[in-house]
Each structure stands twice: as structure tokens, then as C-alpha cells.
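Welcome to this guided tour! Open your viewer, get your selection tool ready, and let's walk through the model together.

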Amino acid sequence: MKGKILVTGGTGYIGSHTVVELQNAGYTVVVIDNLSNSTTDSIDGIERITGIRPEFIELDCNDLEGLRKLFQKHSDIKGIIHFAASKAVGESVQKPLLYYRNNLNSLINLLDLMPEFGTENIVFSSSCTVYGEPDQNPIDETAPIKPAESPYGNTKQINEEIIRDTVRSGSPIKSIILRYFNPVGAHPTAEIGELPNGVPQNLVPFITQTAIGIREQLSVFGNDYDTPDGSCIRDFINVVDLAKAHVIAIDRMLGNKSEDKVEIFNLGTGKGVSVLELINVFEKVSGTKLNYKIVGRREGDIEKIWADPKHANTVLGWTAKENIEDTMASAWKWQLRLREKGIM
Ligand code: UD1
């Protein structure tokens, strides 16, 4: 066994895939989640995939005393991967205080308690949203941070600054900040995957739910962008590839290999795929015809963004391996499994 890792938000989409990879790599995992946007079904799925049931504690990271008790019980936590956050861009515009409270307090509580309990290492889930609309693509980590388009995006920027300032103040903390592009797909076993509450805001769950008949039609937000087919371009990164990068980040910090106390990496494929291209791939691999229509642009959308992942490729030795066809097929398999189980 390689040591104990605390995963906050570990029953959620990216969190659950990361728990699988951590356990496969020999780590002992403690999962906390407030279950506001997930259920413990993912713990069952993790157990079916890995044969190991991670310890799960229902806990909100905003609950400082609850967190303190957790650290007292698990005084041997070697590292934290902090996923727990609210992440709906539109909702954040409607309820900014909820987003600032949830997403900022949770990190502050963790950073506050870590030195007290001798935990030095934290991996933070950030987003390419911190770049805003890039001046050029692909975009690397040295690109300027642009003013955030939403309170959600702002919480990611502020969280990055909170980490930097805390380290600068002399706190014995090291961090790896991972900026995700667009995580999609599901575990190849279809035991875990993305399961948004209510109407999906993100593209891929909306596609698969439309194909299976839960949603009547997908709206494609805009075909008049300055891109080859007029639809927006994103860097869709397979969620298992993404999860594996977290294990490498933890290995790196626990092995004292970090070159700086705060390191930042883009996690993407390096390839831009348009919304219409993605729909095409989906139709091909699922053998279904998707009912979609082009509508107006969605407010706050970025026109095109894809990663320059060279820094992660060379320094972490991590590269996205899965192709977009297999990734979309995994998302479809997951949607079919949800129906089989009567969940959706
Ligand atoms: C957004 C956020 C990102 C956040 C992520 C997680 C922005 C600019 N980015 O990513 O920071 O981490 O959500 O929730 O807000 N689309 C459609 N129809 C749909 C849904 C989406 O055409 O029904 C299009 C969008 O216009 C966009 C693309 O699909 O061009 C991807 O959208 P989405 O999956 O929501 O992700 P982002 O907006 O890239």
C-alpha cells in the first residue's frame, strides 16, 4: 500500500474515476462528498471495478469541524485531491454567493487544517475556463488569465490564487493545479460515468440523453463562429485519461519530485474538435441519428479553445491516450447501462 489519499467530491464524475485509478495504483482512498450532485452508487461501481470499497464519509467541505474530526480519525492522510465544488456555469450567475461560499470556503478549510495534521500535498481541480477566450490556440500554461466570464470561473481563478498565496506565506504546503479542458466519456466497464442532476448543461450528457429519448432534441448553440464549420471548438479529454493524471500528480508530490511548491498543468489532448464534429463521431459510434437543431449562441461561451499539453507530456510523462471515437462510445455504453438499470 502506497499511503492514504483523501478525495473530496469523490462520488462525482471525475472524482469517482480518479478513485478507481488511485486504488488500481495501490493507494488507500478515503472519499468525502456531500452528495449534493451525486450518489453513493458510484462507490458501488468503484468496488465492482477494483474489488475494493473505499471508505466513504458523507461530509461537506464547508463543515470545518466535521473536516477536523475526519483528519483526527485519519491522521495518516498523505495527500488530498480536491474535486468538491459546484460547477454549473449558468447557476453560478444566478446564485453567486452559493458558488463563492461553496467553492472558496471548502478549499480554505482544507488549507487551514492541512498543516495542523501534517498533510502537505494537495491536487486542485481547476479549469481551462481561467484562460477565457484565448488569443491563440493551442494554449499553454503561460497564457494570461483573463477576467472570468462567470462566478464559477472566478472561483477557479480565486482558488488558484488562494493556493499560491498560502504557499507564499510559508505554509508547508505543496500543490499541483490541474487545468482540465472538457472531460467526457465514462469508464470502459460502464460501472461509473457522468450522471448530472436534472437537465444536463454539458454537451455530452445532453447528446446521450437525447439519443436515448430522455431529451427530445439537442440545441447546438451557434453555427456562426469563426471556425471551419461555425460551431464552437473544444478539447474533449477522456475522463479515465484525466483520472490517471491525478495519480501521477500524487506520485510526484509524495515522491518529492515537484520542482516548485505550486505547479500548474493543462490536461487536454492538444486537439480541437467542434461541436458538430463531436455529434458526427457520436452518430457513427452509436449507430443512432441524433435529433438536433442549430439555435443561437449561448451567452458566455468561448469560441475555440484547445490545450497545448506539452508541459504535462514532458514533466509529468502523461499523455491523453484514448481517441474520441472510443471515448464517445464509452459515454453511450454508460447511457445504455443507466437505462438497463432503470436509473434513467
Ligand atoms: C463549461 C465551462 C467550464 C466548466 C465546464 C464544466 C465555460 C466557458 N466553460 O465548459 O469552465 O469547467 O462547463 O461544467 O463556461 N453545447 C451545445 N448544446 C448543449 C450544451 C453545450 O451546443 O446543449 C456546446 C456549447 O455551446 C459549447 C460546447 O458544446 O460550445 C461545450 O459545452 P459544455 O459541455 O457546456 O462545456 P464548456 O462550456 O466548454
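How far apart should the ends of helix α6, with its 18 residues, be? Keep in mind that this is a predicted model, and select residues 151-168 to find out. At 1.5 Å a residue, the helix should span 26 Å, and its end C-alpha atoms are 25 Å apart, so the two values agree.

Stay with α6 and colour its buried residues, among them Tyr152, Ile162, Ile163 and Val167. Now show what covers them: this includes helices α4 (89-94) and α5 (96-116), along with strands β5 (121-127), β6 (174-180) and β11 (262-267).

Next stop: the inside. In soluble globular proteins, nonpolar side chains tend to be buried together. Here the largest nonpolar core has 33 residues, and Leu22 and Leu267 have the most contacts inside it. Helix α8 (239-254) is among the elements that contribute two or more residues, and its share, eight residues, is the largest. Zoom in on leucine 22 to see that it touches residues including Ile5, Val7, Tyr27 and Val247. Then look for a second, separate core of 26 residues, which includes Cys61, Leu70, Phe124 and Ile177.

Finally, select the ligand. Which strand gives the most to the shell around it? That is β8 (residues 218-221), with four residues.

Technical notes:
Residues numbered from 1 in each chain as written. Predicted model: local features only at pLDDT ≥ 70, side-chain atom pairs only at ≥ 80, totals over all residues. Heavy atoms only, no water. Expected span 1.5 Å × (residues − 1). Buried < 20%, exposed > 50% of the residue type's maximum accessible area, 1.4 Å probe, protein only. Contact = heavy atoms within 4.5 Å. Core = buried A, V, L, I, M, F, W, Y, C linked by side-chain atoms within 4.5 Å. Lists of a residue's contacts leave out its neighbours within four places in sequence.
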